[in-house]
Each structure stands twice: as structure tokens, then as C-alpha cells.
Amino acid sequence: MKSTYFLSGAAIVSAVSALATPQLSVEKRAGVDGLPSDGIVSNGVAFGFLPSDGYQVASPAYTMSQINSKLGGKASTYGWYAQITSSTFDGSQLLERLDDIVASGAVFQPAVMPYIQFSQVSSSVASQVASVLEQFTAKGVEVWLRFGHEMNYYVTSGTYHGTADEFVTAWKNIHAAVSSNPKIKMYWSPNVDTSDAPVAPYWPGASYVDIVGVDCYPSSDSALSSSAFSNCYSNFYKTYSAAYNIPFAIGETGWIAPFHYSQEYSTNYH
């Protein structure tokens, strides 16, 4: 998405290991919207991860089973990315993780990114996306589909192409293609709302959304302030979750460390 800075692999392992220490209780929960009853929860919040693929980053590649073994528990959600680059979508980027996703027992949160024009996400393309995801749900996997995530940001960066109205039409095509599958939920997940990248024009309407969330990466030259969480999520939650009684989830987050961290640990990622 944007440049971020990582500590060493050892520090990452230490941070992950800390999640399994007694100071942070690993709670159990009843299944909610397909979340596993034995997934990791802290303070009532289910946690999940997007395993590193090892590509152009300091971290090696990980499977979720490796992460879970460090946690001493099970991630509640499993994120991954795929791009639609033509009128044919075979989902190979997602399917290569199928076995690990099934074994994890987590909710799968694929971010399917339309690199083609929004207007080219036709009913045919949408049906191909649905067919790929059915290979997961047929094995019992709950899917929260983050189609066109961070659309307000990626249009301004030149990654996505088209108007807000064209995005909404593309979203509705995807929604129509997956709506008959009860194990697939449409997860609307923009980036933070700004004057340069407003969120509202991309809202498809509550009838077409099952879950709302926002991707927010707070940054600070020191420890994050006590208001960092509310700054990221409060207004969005009130506008799109509370107002429509739609479940809220955090799509992506992480602390963007100060710029003076070594460039050795810098990477651009989606």
C-alpha cells in the first residue's frame, strides 16, 4: 500500500511470541460471522494475519501454521492478495494458499484488486471470481471478500482506474455473483477518508455490504497517542457501521515507524 518500516526478523518473532504470553490472554469465543470459536481473541477482538510471502521484504515466507505455532493459538483470520489483470481470472494467487487456509480454520479475507478498468469488471469477470472462491467455501472456509480494497487511495495513486460510479457498478456485479453463496460476505474496506481521497463516493449502499472496515496505518516519531485508535476509526464506524447496523472489522493496520529506521527494512507492498 505505502512505504512502511520493519524491525529485524528477530524483533518480529519477539513481537509475535509476546502475543502468546500470559499478559495477553488468548480467549475463546462463540462463532460470529464464521469466525472460529477457537481463534485468538484479546479484549473481545479477534486477531488475524497476512503471512509474509517473502518477496522483496526482510521477513522470510511464512505459512499460517508456522505463525500459529509461534502464537500458541490459532489466528482468527487469514489475509491474502490477488489481482484481476484481464477479462480472465483464474485465482491462482489465492489457490496456491488453499491448503494452508483450509488447515488454519481461519476466516479467509482475500483482497481481490481490479487492475483492469472498473468498467471492465463485468458479470463474466465477477462469475470467475465467485467460482474461485467457491473452491474455498466447498472446503468449509468462510470468506470475507475485500473486493477493490482501499479504492479511494488506489485511484489517486494510479493503481486502480475508473470513476467512483464505475467502482460501485463493479462492486454490485461481484455482489450479484457471490450472493447465492452463504459462506461469502462482501467486505467494504476503503483507506482512511481524506479530502484528496474521499470515501463516500465509493459507498455502494448498505444492501450490498455485509461487513465494513477501514485500512489505517498510524505513524508517529514516538509512542502512539491514546487517541490514535479513535482518530483512525471513530468517524468511519459511526458513519458506515453504527448507522446501518453493519458489523465492523479492521481491514489492515500497523504502526508506520519513524523514517530514521534503516532502509534495509523498507518495502512497498499491497
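User: Leaving aside its neighbours within four places in sequence, which residues is Trp203 in contact with?

Analyst: Beyond those neighbours within four places in sequence, Trp203 is in contact with Val168, Trp188, Val209, Val212, Tyr240, Tyr244 and Ile246; contact means heavy atoms within 4.5 Å. The structure is a predicted model, in which local features need pLDDT of at least 70 and side-chain atom pairs count only at pLDDT 80 or more, while totals for chains, interfaces and linings use all residues. Residues are numbered from 1 along each chain as its sequence is written, and side-chain values use heavy atoms, with hydrogens and water left out.

User: What makes Trp203 count as buried?

Analyst: The relative accessible area of Trp203 is 15%. A residue is buried under 20%, exposed over 50% and partly exposed in between (1.4 Å probe, protein chains only), so Trp203 is buried. Trp203 lies in the loop between strand 8 (184-188) and strand 9 (211-216); helices (H or I, at least four residues) and strands (E, at least two) are DSSP runs, numbered from the N terminus.

User: Is Ser189 buried or exposed, and how do you know?

Analyst: Ser189 has a relative accessible area of 0%, and is therefore buried. Ser189 also lies in the loop between strand 8 and strand 9. Not counting residues up to four places away in sequence, Ser189 touches Arg146, His149, Glu150, Met151, Gly213, Val214, Asp215 and Gly251. The C-alpha atoms of Ser189 and Leu145, 44 residues apart along the chain, are separated by 9.5 Å.

User: Is Gln56 buried or exposed, and why?

Analyst: Gln56 is called exposed because its relative accessible area is 57%. The phi of Gln56 is near 55°, a positive value in a residue other than glycine. Gln56 lies in the loop between strand 4 (48-49) and helix 2 (64-71).

User: Why does Ile40 count as buried?

Analyst: Ile40 has 9% relative accessibility, and therefore counts as buried. Ile40 is found in the loop between helix 1 (9-19) and strand 2 (41-42). Ile40 and Ala75 are 35 residues apart in sequence, and their C-alpha atoms are 5.5 Å apart in space.

User: How do you know that Cys216 and Cys232 are joined by a disulfide?

Analyst: The S to S distance of Cys216 and Cys232 is 1.9 Å. A pair of cysteine sulfur atoms within 2.5 Å is a disulfide, so the link of Cys216 to Cys232 is given that name. The pair links distant parts of the chain, with Cys216 in strand 9 and Cys232 in helix 8 (residues 228-242), 16 residues apart. The link of Cys216 and Cys232 is left-handed, with -60° about the S-S bond. Both Cys216 and Cys232 are buried. A search of the whole structure finds 1 disulfide.

User: At what angle do helix 5 and helix 7 pack, and what is that arrangement called?

Analyst: Helix 5 (residues 123-137) and helix 7 (residues 164-178) pack at about 50°, with their axes 8 Å apart. That angle makes helix 5 oblique to helix 7. Axes are lines fitted to C-alpha atoms, for helices over the stretch in contact, and angles run from 0 to 180 degrees between N-to-C directions. Angles under 35 degrees count as roughly parallel, over 145 as roughly antiparallel, 65 to 115 as roughly perpendicular and the rest as oblique.

User: Which residues make the contact of helix 5 with helix 7?

Analyst: Helix 5 contributes Ser123, Ala126, Ser127, Val129 and Ala130, and helix 7 contributes Asn173, Ile174, Ala177 and Val178.

User: How many helices and strands does the protein have?

Analyst: The protein has 8 helices and 11 strands. Of its 270 residues, 44% are buried. Among contacts with a separation of 6 or more, 74% are between residues 24 or more positions apart.
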